Amino acid sequence: MHAFSTPAPEGPGSEGTGPQGTGPEGTVEAGPGSDAIGLDIGGTKTHGIRLRNGAVIAEAVAGSANVQNVSVEAARASLADVFTRLGTRGVTRVIAGSGGVDTEQDAAALRALISAHVPDAAVDVVHDTRLILAAGSASEGIAVIAGTGSVAWGTNAAGRQARSGGWGYLLGDEGSGYWIGREAVRHSLRLNNLGREPDALSTALLQAVDLSNPTELIGLFHGGTDRRYWAGKAGLVFEAARAGSPAATDIVHTAAEHLAGLTTDVARLLKISGPVVVGGGLGMHQPLFQDLLRTRLNAAGLADVRYLNQDPVFGTAYLLGTERAGHGS
């Protein structure tokens, strides 16, 4: 069994290749039989890199290959796109991080889809939170996703694992981008029920969705929109908070409280004090959210808080490096 074969407890992008090791038409020249591929399979995209001697030599992005979000056929097509661009000759190892890998059956199903492209490579499937921890140069600690959804997952020096949240938007995802967007809708509807005029947050939301009456939000929310649509409205809530909107400020503060709660749950279960590595769109790109979360975590005794400055897929290089060190190579 390989070091990462047991899973832990989450629109198409542009694609391309890196500056090194590329052959004609963006394909990758075969290495000496020891190349590795890292995959980060999210709800909207699949991000892949090819590594040679620890260095990234090619990179590709395609649609999601997460079967919780797309059909098996669509997942196969996205994986085929990524592997075609990265190349498969000379690949002996694949590490894939994906949301929704909660059981060995989940891992086995994804492993089978990947192995179809690299039948001679060892394929390990992990939960995407482990990529976040690795991308923060940590082999133990707590990984937090603050993006479209939310989850905290951790592991301690003894190898014990724990998580909090990550149940999906129908059951949880408190503090996520979707949750923030939905709370803005709820606030706007609440004001309307009370017979009050739209405030700054409600006005910004109505303008963003091209509606004139708050009651129209009900039909839009339950109509053809999805969780990614409403997660995309989280940014206007942060803008309104920075402009002084009391309602937006309350939503943002409450979101930070939820994420801090998920994190401290894991810290208590594992009896660790960090590090905490935060990824996801909110965690990586919203300074106000970062400050609020850091303050709450510091107050709870979690002093080492790291916000990713690189995409989680690059954590596969760290996983491979620690694995080699563990084998004495």
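Predicted model: local features only at pLDDT ≥ 70, side-chain atom pairs only at ≥ 80, totals over all residues.

User: Okay, so is R50 buried or exposed?
Analyst: R50 is buried, because its relative accessible area is 0%.

User: Which residue does R50 form a salt bridge with?
Analyst: That would be D35, with the closest N and O atoms 2.8 Å apart. D35 lies in strand 1 (residues 35–41) and R50 in strand 2 (residues 45–52), so the bridge ties together parts that are 15 residues apart in sequence. D35 is buried too, with a relative accessible area of 0%.

User: Which residues are linked in that network of salt bridges?
Analyst: D35, R50 and R52.

User: And how many salt bridges does the structure hold?
Analyst: Eleven. Another one joins the side chains of D124 and R93, at 2.2 Å from N to O. That pair links distant parts of the chain, with D124 in strand 5 (residues 122–127) and R93 in strand 4, 31 residues apart.

User: Are D124 and R93 buried or exposed?
Analyst: Both D124 and R93 are buried. For another case, take E104 and R111, whose side chains meet in a salt bridge at 3.3 Å, N to O. E104 counts as partly exposed because its relative accessibility is 39%, while R111 is buried at 18%.

User: Back to strand 4. What does A96 touch?
Analyst: Leaving out residues up to four places away in sequence, A96 touches L39, I114, D124, V125 and V126. A96 is found in strand 4, residues 91–98, and its relative accessible area is 0%, so it's buried. From A96 to V125 is 4.9 Å, C-alpha to C-alpha, though they are 29 residues apart in sequence.

User: Changing topic: how many helices and strands does the chain have?
Analyst: Twelve helices and ten strands. Of the chain's 329 residues, 51% count as buried. The chain exposes about 14,300 Å², and carbon and sulfur atoms supply 50% of that.

User: Tell me about helix 4. How many of its residues are buried?
Analyst: Twelve of the 17, which leaves helix 4 mostly covered. Among the buried ones are W179, I180, E183 and H187. What covers them includes helix 5 (200–208), helix 8 (234–242) and helix 9 (246–270).

User: What does helix 4 reach from its first C-alpha to its last?
Analyst: 25 Å, close to the 24 Å expected at 1.5 Å a residue. Helix 4 is followed by G195, which has a positive phi, near 75 degrees.

User: Which residues form the nonpolar patch on the surface with L170?
Analyst: W167, Y169 and L171 form the patch with L170, and together the four have about 510 Å² of accessible area.

User: Last one, S78. What does its side chain reach?
Analyst: The side chain of S78 reaches the backbone oxygen of S64, at 3.1 Å. S78 lies in helix 1 (residues 72–86), and at a relative accessible area of 9% it's buried. Not counting residues up to four places away in sequence, S78 also touches T46, A62, G63 and A65, among others.

Note on methods: Residues numbered from 1 in each chain as written. Heavy atoms only, no water. Patch = residues over 30% accessible without salt bridge, like charges linked within 9 Å, V, L, I, M, F, W, Y side chains within 5 Å. Areas by Shrake-Rupley, 256 points an atom, 1.4 Å probe, with all protein chains shown as cover. Helix = DSSP H or I, 4+ residues; strand = E, 2+ residues; numbered from the N terminus. Buried < 20%, exposed > 50% of the residue type's maximum accessible area, 1.4 Å probe, protein only. Polar contact = N/O pair within 3.5 Å; in protein donor to acceptor, adjacent residues only side chain to side chain. Contact = heavy atoms within 4.5 Å. Expected span 1.5 Å × (residues − 1).
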